[in-house]
Amino acid sequence: MKNTVLTLQQAKNENKKITMLTAYDYSTARLIDEAGVNMILVGDSLGNVMLGYEDTVSVTMEDMIHHGAAVARGAKKAMVVVDMPFMSYQTSVYDAVVNAGRLMKEARANAVKLEGGVEVKEQIKAIVAAGIPVVAHIGLTPQSVNAFGGHKVQGKTETAAKKLIADALAVEEAGAFCVVIEGVPAKLAALITKKLTIPTIGIGAGAECDGQVLVYQDMLGMYSDFTPKFVKKFSNVGEVMKAAFEQYISEVQSGAFPSQEHCYAIDDEIIEKLK
């Protein structure tokens, strides 16, 4: 059964945890989908893990459409959520709706995600009014990393915590069907989760959120440039890949690969006639 806005809301209502992982290509999306993950996020984190940028600010609409469409082709049951990149929605409500529409039409997204709380309330309202499901994103919002002065935990003071609660309530009121909470103390995220009727998805926000999300390269040990505290490595696929690449190099150099089983045959009489 396809995961939808309704099935995800039902999961929260029934206290069933929601799972989300990132993907940026067809092959990975297909594997994640077949594993049974509820939601696939085509995150602008692709700027870091796929394109080698230092942050997500440089990611473009064209990047998101290109990778989003590839993921959509691989996901049959998971809901595909595509990030709205930096400056695709901050400039105006009009730009927000147009760019969200492009992600739905060209990237074949099932929903879009944008960062911010009270500040983007009007954009969320307009996008939802256009018939496009919205996932909000509050707390440590990577597109604002320059304003934050780095990847810092958010909501640790009373004032900051009240702001996060206000942000959460604002995006729910605006019509978001789900909200990602990133880099927030676990007890604060738990409080926000209780206050909201829509599902919360945590990343570095504790176990009391309605669901969890991780960047798949992080949880598989494939990306080592920066590893946040909240990442758990469920497998060291990066080391397995490197070992396979090294074995390939060795067998090519020694002549062990390709062996007879990997070669196509031709009648020896034909070869003799060609000499």
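Analyst: A network of salt bridges links Glu62, Arg102 and Glu106 in this predicted model, and a search of the whole structure finds 13 salt bridges. Within helix H2 (residues 26–35), arginine 30 and glutamate 34 are four residues apart and therefore separated by about one helical turn, and their side chains meet in a salt bridge with an N to O distance of 3.3 Å. Arginine 30 is partly exposed at 41% relative accessible area, whereas glutamate 34, at 55%, is exposed.

Aspartate 83 and lysine 113 also form a salt bridge, with their closest N and O atoms 2.8 Å apart; this pair links distant parts of the chain, since aspartate 83 lies in strand E3 (residues 79–83) and lysine 113 in strand E4, 30 residues apart. Both partners are buried, aspartate 83 at 3% relative accessibility and lysine 113 with a relative accessible area of 2%.

Strand E4 (residues 111–115) also holds glutamate 115, which is buried yet has no salt bridge, the nearest side chain of opposite charge being that of lysine 113, 4.7 Å away. The side chain of glutamate 115 instead reaches the backbone nitrogen of glutamine 143 at 2.9 Å, and, neighbours within four places in sequence left aside, the contacts of glutamate 115 include Asp44, Tyr89 and His137.

Lysine 121 and glutamate 173 meet through their side chains in a salt bridge (3.1 Å, N to O), which joins helix H6 (residues 121–129) to helix H8 (residues 158–174) across 52 residues. In this pair lysine 121 is buried at 19% relative accessible area, while glutamate 173 is exposed at 59%.

Key
Residues numbered from 1 in each chain as written. Predicted model: local features only at pLDDT ≥ 70, side-chain atom pairs only at ≥ 80, totals over all residues. Heavy atoms only, no water. Helix = DSSP H or I, 4+ residues; strand = E, 2+ residues; numbered from the N terminus. Buried < 20%, exposed > 50% of the residue type's maximum accessible area, 1.4 Å probe, protein only. Lys, Arg positive; Asp, Glu negative; His and termini not counted. Salt bridge = Lys/Arg side-chain N within 4 Å of Asp/Glu carboxyl O. Polar contact = N/O pair within 3.5 Å; in protein donor to acceptor, adjacent residues only side chain to side chain. Contact = heavy atoms within 4.5 Å.
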